[in-house]
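Q: Please take a close look at the aromatic rings of this protein and their surroundings. I would like one connected account, with the cut-offs behind each term.

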Amino acid sequence: MIRYFLPFAFLFLAAFIISPEAKQKNLFNGKNFDGWEGDTAKTWRIENGTIIGGSLTETVPHNFFLCTKRTYANFDLKVKFKLTGTEGFINTGVQFRSKHAEKPDYEMVGYQADLGDGYWASLYDESRRNKTLIAPDSILIKKILKPGDWNEYEVKCENRHIRILLNGTQTVDYTEQDQSIPQSGLIGLQIHGGGKAQVAYKDLWIQEL
């Protein structure tokens with residue numbers, strides 16, 4: 001009896017250990033924009049398996065977003081990014097629990113894990129309250145940020161609790177108190193208007209909780 005029980009027990013334990021990783025999903029296949037929508041004719045392109053947005057030679061006229069076609073509520077999102085620029089406002093961000101704006105229709109409304117000088121690893125409320133909800137200490141950012149190089153964001157959303165990590169270090173721990181704020185929505189990649197700026201995104205993984 002025991003010799004039959006042990007293999008089953010091992011399989012059960014293995015399934016329990018493996019299952020969290022098995023739930024991870026790659027949001028970008030590295031080849032095309034399946035599952036995404038935005039201005040893929042000019043603003044967004046794919047180079048060497050990486051999503052590229054913006055321009056280093058022309059000023060980005062206004063905010064542009066590349067967003068998922070489906071919504072997400074509770075999740076653990078990981079994304080690598082590299083932001084570069086030559087002049088103007090060099091900024092971008094990762095939208096989450098967001099929706100398309102009506103006027104102007106190129107905007108998004110919702111939370112943003114902000115990226116750029118003065119905004120690194122902060123939580124901004126895009127086109128809604130239009131303010132930084134919580135920001136980390138600048139000294140901490142200097143220790144963990146790799147300017148002009150690849151960095152990694154992790155955004156964890158569990159009910160009304162939001163956490164942001166930059167390169168493995170937590171920078172935001174925020175609980176939404178406003179019960180009217182939606183806690184599900186689209187995920188979007190931004191390139192901010194007003195600068196000659198370019199952002200690259202890769203390794204976009206999400207695990208729904």
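A: The charged end of Lys 202 sits over the ring of Trp 150, 4.2 Å from its centre, where "over" requires NZ of Lys or CZ of Arg to be within 6 Å of the ring centre and within 35 degrees of the ring normal. A second contact of this kind involves Arg 128, whose charged end sits over the ring of Tyr 111 at 5.1 Å from its centre. The model is predicted, so local features need pLDDT of at least 70 and side-chain atom pairs count only at pLDDT 80 or more, while totals for chains, interfaces and linings use all residues. Residues are numbered from 1 along each chain as its sequence is written, and side-chain values use heavy atoms, with hydrogens and water left out.

Tyr 111 also belongs to a cluster, in which ring pairs link it with Phe 75 and Phe 96. Rings of Phe, Tyr and Trp (for Trp, its six-membered ring) pair if their centres lie within 6.5 Å, and planes under 30 degrees apart count as stacked, those over 60 as edge-to-face and the rest as tilted. By this rule the structure holds five aromatic pairs. One of them joins Phe 81 and Trp 120, which are stacked with 6.3 Å centre to centre and 20° between the planes. Because Phe 81 lies in strand E6 and Trp 120 in the loop between strand E8 (108-116) and strand E9 (123-126), this pair ties together parts that are 39 residues apart in sequence. Strands here are DSSP runs (E, at least two residues), numbered from the N terminus.

Both Phe 81 and Trp 120 are buried, a term that means under 20% relative accessible area, against over 50% for exposed and values in between for partly exposed (1.4 Å probe, protein chains only). Phe 81 also forms a tilted aromatic pair with Tyr 153, at 5.1 Å centre to centre and 55° between the planes. This pair again links distant parts of the chain, since Phe 81 is in strand E6 and Tyr 153 in strand E11, 72 residues apart. Phe 81 counts as buried because its relative accessibility is 1%, and Tyr 153 because its value is 0%.

Strands are taken as paired if DSSP finds at least two bridges between them. Asp 76, for example, has Lys 156 as its bridge partner in E11. E11 also pairs with strand E12 (residues 161-166) in the antiparallel sense, over six bridges, with Ile 164 in E12 as the bridge partner of Val 155. E11 and E12 form a hairpin with two residues between them, and Asn 159 in the turn has a positive phi of about 55°. Most residues other than glycine have a negative phi, and most peptide bonds are trans.

Returning to Trp 120, the strands on either side of its loop, E8 and E9, are joined by four bridges and run antiparallel, with Gly 110 opposite Glu 126 in E9. They take part in an open sheet of seven antiparallel strands in the order E2-E5-E14-E7-E8-E9-E10, whose edge strands, E2 (36-37) and E10 (131-134), each pair on one side only.
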